[in-house]
Amino acid sequence: DLLLDATRLESGLLQPKPEWCDAAEIVQEARVRAGLSQDALAVEIPAGLPHIRTDPGLAAQALAMLISNAVTHGSPHEPPLCQVQREGECVRFDVKDRDTA
């Protein structure tokens with residue numbers, strides 16, 4: 001589904017609809033799309049993070065794919081970690097699986 005959307009983006013068939021969004025809401029939507037309960041994903045988001053201008057649906061879809069991949073390939077004993085942080089004028093989303101050792 002994400003690959004199909006990427007192809008549509010490249011061809012111009014799918015037009016992103018950017019709007020001002022809360023990064024925490026994107027992470028929660030991604031968790032839901034990945035089919036995870038709240039305790040199945042560790043989340044770190046600093047207070048006071050500014051809103052970001054993006055297409056929330058596409059951002060949540062891409063993040064959900066990363067989260068699903070981390071669940072599939074990470075440790076079965078620890079949930080993956082989704083961190084959101086500010087870097088200058090940008091906001092960065094990181095998804096980390098846990099060591100399988």
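This is a predicted model: local features need pLDDT of at least 70, side-chain atom pairs count only at pLDDT 80 or more; totals for chains, interfaces and linings use all residues.
Me: OK, how many residues are in the largest nonpolar core, and which have the most contacts inside it?
Reply: The largest nonpolar core has 16 residues, and those with the most contacts inside it are Ile 26, Val 27, Leu 41, Leu 63 and Ile 67. Such a core is a set of buried Ala, Val, Leu, Ile, Met, Phe, Trp, Tyr and Cys residues joined through side-chain atoms within 4.5 Å, where buried means under 20% relative accessible area, exposed over 50% and partly exposed in between, with a 1.4 Å probe and protein chains only.

Me: And which elements give two or more residues to this core?
Reply: They are helix H2 (23-33), helix H3 (56-73) and strand E4 (81-87); helices (H or I, at least four residues) and strands (E, at least two) are DSSP runs numbered from the N terminus.

Me: What does Ile 67 touch?
Reply: Not counting residues up to four places away in sequence, Ile 67 touches Ala 30, Arg 31, Ala 34, Leu 36, Leu 41, Pro 80 and Val 95, a contact being heavy atoms within 4.5 Å.

Me: Back to H2, which of its residues are buried, and where do they fall?
Reply: The buried residues of H2 are Ala 23, Ile 26, Val 27, Ala 30 and Arg 31. Seen down the axis of H2 they fall within an arc of 140°, so they line one face of the helix; the arc is that of the directions from the helix axis to the C-beta atoms. The face turned away from the buried side of H2 carries the exposed residues Glu 25 and Val 32.

Me: Switching to strands, how does E4 pair?
Reply: E4 is joined to E2 by 3 bridges, and these two run parallel, with Val 43 opposite Cys 82 in E4. E4 is also joined to E5 by 7 bridges, and that pair runs antiparallel; two strands pair if DSSP finds at least two bridges between them. E4 and E5 form a hairpin with 2 residues between them, and Gly 88 in the turn has a positive phi of about 65°.

Me: Is Val 84 buried or exposed, and what is it in contact with?
Reply: Val 84 is found in strand E4 and counts as buried, at 2% relative accessibility. Leaving aside neighbours within four places in sequence, the contacts of Val 84 include Ala 23 and Val 27, as well as Glu 44, Ile 45 and Phe 93.

Me: Last topic, how many salt bridges are there, and which residues form them?
Reply: A search of the whole structure finds 3 salt bridges, each defined as a side-chain nitrogen of Lys or Arg within 4 Å of a carboxyl oxygen of Asp or Glu. Glu 29 forms one with Arg 33, the closest N and O atoms being 3.0 Å apart, and both lie in helix H2, 4 residues apart, about one turn of the helix. The side chains of Glu 87 and Arg 92 meet in another (2.6 Å, N to O), and Arg 92 also forms a salt bridge with Asp 94, with the closest N and O atoms 2.8 Å apart. Through shared partners, Glu 87, Arg 92 and Asp 94 are joined into one network.

Terms used: Residues are numbered from 1 along each chain as its sequence is written. Side-chain values use heavy atoms; hydrogens and water are left out.
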